[in-house]
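Please examine the structure displayed below before reading on.

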Amino acid sequence: MVNTAIFRGRREEFLLGELPKYLSAISNGTKEEFLKNVLRRYFKRFPPHHPHTYEPTEAELQEVDDTAPDYEPEQPDPFAMGQEAYYAAMKQIDDRQKEVEVRTGQILRWFTYRQSKSTAFKDPKKIKDSDLKDPMFIMTCRLLGKAAQKPRQPIAYNLWCADNPTRVQQVLSEIPNLANGRNNAGADVKAKKKLFESQPKETQQLYKKKAEEHHKLQLEEWNLNLTRPASKDPEARQVCIDNTAGFAQPLLNLITEFTGMNCLLLVGGPEPAAQKMNIIGVHSGFTKGPVKMNFAEAESKKFHEQVIPAFSDFLRKCFSPADVKAAILPIETTPLLSITDPNDITYCTVSGDDYSVP
C-alpha cells in the first residue's frame, strides 16, 4: 500500500489542492498533460536541492512564477576546476536528478492511489509494409523528393522457366545438393539459363521481348503511383492519418534542431475511422527544467480552451457534415492514434460540433 504520509505540510496541501483537477483531467483525457504540469509546479515550490522535510515560507511560495523557465543546472567544466570540485559538482547534479525521479514516482503513485482507474491504454503500434500501393509510402516519396527504387526488368529465362515448370524441375532434380544438404542455388541458376539458351532462337527472342514489355508495364505503373493525385478512398486516407505522427515527428524535430525554435503541426478534419472530425497535434520542443513538457502540456488550459476551439472553428468552415459522412470507412474500425500513446502527440475531437455520424 502507498504510504500516504510521504507528503506532509505544504507539500500535502499543494497536492490535495490539485486532486480535484486531476479527477477532471482523467474524465476529459488530459491526465498526462496535467500530471506533467503538476510536477513542474511542484518542483518550483519545493526545489529538489532542498531536503524533503524543508518547509518553504509563505513568502517563498508567493515568489514562485509558474510562467518563468525552470531552473536547469549547468554541467560543470572539468577544465575550469579541480578534480575534487568537479566530482563534487557532478554528485550534486546526480543527487538532484535522483531526488526528482524519486519524488516524481511518489507523486504519481499519490494520485493513482486516490483514483486507481487509469486512463492510459497502450497497444503495440501497427507495422505496415512500404510498397508502391501503400499511400503513406507514396506520400513520403513525393514529399521528400525521393523516388522508390525502379522495378527491375524480369530475366527472360525466369519467365520461360515459369511457363515450363515440368521441364525445369526434371533438370533441377539431377543437380546434387551441397554437402550441408541445401540446394545448390548457383548450380540451379546456371542450369535454368543453359536450358533456356538451348531453346530455339525464336523462343528466346519471344521471351526477351516479353520481359521488355513486362518491364515497360511495371515502369508505367511505378510512375503513375508516384505522380498521380492522392487517393480519396477512406481506407487510404486513414492509413496516412494513422501514420501522421511517425511521419511528421522527425521533420519537426529537425526543424527544432536546426532553427533553435519549437514548433507544432496541427492536422484536423474528417477521420474515416472515427466517423467525426478530429485534431492531431504533433509537437517538437520542450520546456526547461526537470519536467519536460511540450506546448499542449505546458499550457494545457489555454491549448484546450483557446487553440483547439479556434482551430475547430476553422475546420467547420472547411468541412461540412456531408464531407464527414462521405469519408466514413465501409467497415467499423478503431483509429490507431486512439489506442496508442506516442510521445509529443495531442489527439482529440474538435470542440463544439464535431459532425459525428450517429
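Is Cys161 buried or exposed? Cys161 is buried, since its relative accessible area is 9%. Here buried means under 20% relative accessible area, exposed means over 50%, and partly exposed lies in between, with a 1.4 Å probe and protein chains only. Cys348 is likewise buried, at 17%. A search of the whole structure finds 0 disulfides, a disulfide being a pair of cysteine sulfur atoms within 2.5 Å.

Some remarks on the basis of these values are needed. This is a predicted model, in which local features need pLDDT of at least 70 and side-chain atom pairs count only at pLDDT 80 or more, while totals for chains, interfaces and linings use all residues. Residues are numbered from 1 along each chain as its sequence is written, and side-chain values use heavy atoms, with hydrogens and water left out.

Rolling a probe the size of a water molecule over the atoms shows where empty space is left. On a 1 Å grid over the protein atoms alone, a cavity is a set of points where a 1.4 Å probe fits but cannot get out, and its lining residues have an atom within 4 Å of a point. The search of the whole structure finds 1 cavity of 30 Å³ or more. Helix H2 (31-45) and helix H4 (83-114) are the elements that give two or more residues to the lining; helices are DSSP runs of H or I with at least four residues, strands are runs of E with at least two, and both are numbered from the N terminus.

The last topic is the sheet. Strands of a sheet pair through backbone hydrogen bonds, either parallel or antiparallel. In this model an open sheet of 3 strands has the order E1-E2-E3, with antiparallel pairing; two strands pair if DSSP finds at least two bridges between them. Strand E1 (263-271) and strand E3 (345-349) stand at the edges with a single partner strand each, so one side of each has no neighbour in the sheet. E1 and E2 are joined by 9 bridges, and Leu265 stands opposite Val282 in E2. Strand E2 (residues 276-284) pairs with E3 over 5 bridges, where Asn278 has Thr349 of E3 as its bridge partner. In the hairpin of E1 and E2, with 4 residues between the strands, Gln275 takes a positive phi near 60 degrees.

Definitions and conventions:
On a 1 Å grid over the protein atoms alone, a cavity is a set of points where a 1.4 Å probe fits but cannot get out, and a pocket is an open set with protein on both sides within 12 Å along at least five of seven lines; lining residues have an atom within 4 Å of a point. Grid points are joined across faces, edges and corners, and a volume is the space filled by probe spheres set on the points.
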